Amino acid sequence: PPLSWTAPAGAASYRILRDGTQIATTASTSYTDAPRPADGSHTYVVRAVNAAGTVSGSASVVVLVDATAPGTPAPTAAASPTGAAPVISWPAASDAGSGVTGYVVERDGAVVGQPAGTSFTDAALAADGTATYRVRAVDAAGNASAWSAQLDVVYDATAPSTPSGLGATSPTQTAPVLAWSGATDATSGVARYRVLRDGVVLGTTTATTLEDVSAAADGTYVYAVVAVDEAGNASAASSAVSVVVDATAPAAPSGLAATSPTAAAPSLSWDAVTDAGSGLAGYRVLRDGALVATVGTTSWTDASASEGSHVYAIRALDQAG
């Protein structure tokens, strides 16, 4: 370390002591202790000597010598950016001498930050893609550690494309099955889909189908799908699709009657039935317990009945089956 002092009157030379031992004599008012002593705290004393050889009082200073670089940082992770700046972090580096005072962060070979703490937010990163970071520690003596291992970070501020083609199979009972065409994301990739029912998130899936087993109450539900990429960016919601859930059977038809048959073609008629859920799809005609026809009207003529006595019944069928 370099030492300097102000010359007193009558001084002809100076004696330099380090930790109580004289190490040099000089006529100058400065001295550099080289080679550098071992790391640690050292006490330097300067004594003036006049032409007659009389030694004056002394001046002293304590100097911390630190020639050892800090430990190398080890960046372990980068927070997934969600349309914002990536955050690089690392455990604190060690330094037994003067102590770590800060860090230097490089991105793709250029210095982008010199934080005092153990994280760095790269607010200047704008373009989507992969950036490579490395970090080094600097101590109070100006010693710099080796560069850390490189850390590759995928930066993605662009949302995926919007899912398309959302549709739903006709529900039987209470579980509509939704399906859609997958979204795309050129940077971090699509991670999952959020399925919304009536504007509220119903669930997430990595597939492009979802069965809504929780749609229990009869009624109309509106579904949409949002794609989310690995960086957390969410697409716009898909076009919505409305699905009628209907687990309630129509009422049994009433008023069934048959006209007196002429030849072998009895004509049946009955009262119309309504369905408040998915709506009426038609009627099933049973002869002697077996299905013989499905019709959309409230009358039917059995042209294929064989001679003899037959028992007829009618069942109403709604759109949900």
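Residues are numbered from 1 along each chain as its sequence is written, and side-chain values rest on heavy atoms, with hydrogens and water left out. Because the model is predicted, local features require pLDDT of at least 70 and side-chain atom pairs count only at pLDDT 80 or more, whereas totals for chains, interfaces and linings use all residues.

Strands are DSSP runs of E with at least two residues, numbered from the N terminus, and two strands are taken to pair if DSSP finds at least two bridges between them. Strand 2 (residues 11-18) is joined to strand 5 (residues 40-50) by seven bridges, and the two run antiparallel. Within strand 5, Tyr 44 is the residue that stands opposite Arg 18. Strand 2 also pairs with strand 3 (residues 21-26), in the antiparallel sense and over five bridges; here Ile 16 has Ala 24 of strand 3 as its bridge partner. The hairpin of strand 2 and strand 3 has two residues between the strands, and Asp 19 in this hairpin takes a positive phi near 55 degrees. The loop between strand 4 (30-32) and strand 5 contains Pro 35, which is joined to Ala 34 by a cis peptide bond with omega of about 0 degrees.

Ala 127 is located in the loop between strand 11 (119-121) and strand 12 (129-139). With a relative accessibility of 55%, Ala 127 counts as exposed (over 50% relative accessible area; buried means under 20%, and partly exposed lies in between, with a 1.4 Å probe and protein chains only). Ala 127 and Tyr 155 are separated by 28 residues in sequence, while their C-alpha atoms are 7.7 Å apart in space.

An open sheet is formed by three strands in the order 14-15-18, with antiparallel pairing. Strand 15 (residues 177-181) and strand 18 run antiparallel and are joined by three bridges. Val 177 is placed opposite Glu 211 of strand 18.

In soluble globular proteins, nonpolar side chains tend to be buried together.

Asp 198 lies in the loop between strand 16 and strand 17 (200-205). Its phi is near 55 degrees, a positive value in a residue other than glycine, and Asp 198 is partly exposed at 45% relative accessible area. For Asp 288, found in the loop between strand 23 (280-287) and strand 24 (290-295), phi is likewise positive and near 55 degrees. Asp 288 is partly exposed, with a relative accessible area of 45%.

A further open sheet of three strands has the order 21-22-25 and antiparallel pairing. Strand 21 (257-258) and strand 25 (299-301) stand at its edges with a single partner strand each, so one side of each lacks a neighbour in the sheet. Strand 21 is joined to strand 22 (residues 267-269) by two bridges, and these strands run antiparallel. Ser 269 in strand 22 is the bridge partner of Ala 257.

The largest pocket has a volume of about 270 Å³. A pocket is an open set of points, on a 1 Å grid over the protein atoms alone, where a 1.4 Å probe fits, with protein on both sides within 12 Å along at least five of seven lines; lining residues have an atom within 4 Å of a point. Grid points are joined across faces, edges and corners, and the volume is the space filled by probe spheres set on the points. The largest pocket is lined by 17 residues, of which Ala 249, Pro 250, Ala 316, Leu 317 and Gly 321 are the closest to its centre. Strand 26 (residues 312-318) gives the most to this lining, with five residues. By class, the lining has ten nonpolar, three polar and four charged residues, where Ala, Val, Leu, Ile, Met, Phe, Trp, Tyr, Cys and Pro count as nonpolar, Asp, Glu, Lys and Arg as charged, and the others, Gly among them, as polar.

Notes:
Helix = DSSP H or I, 4+ residues; strand = E, 2+ residues; numbered from the N terminus.
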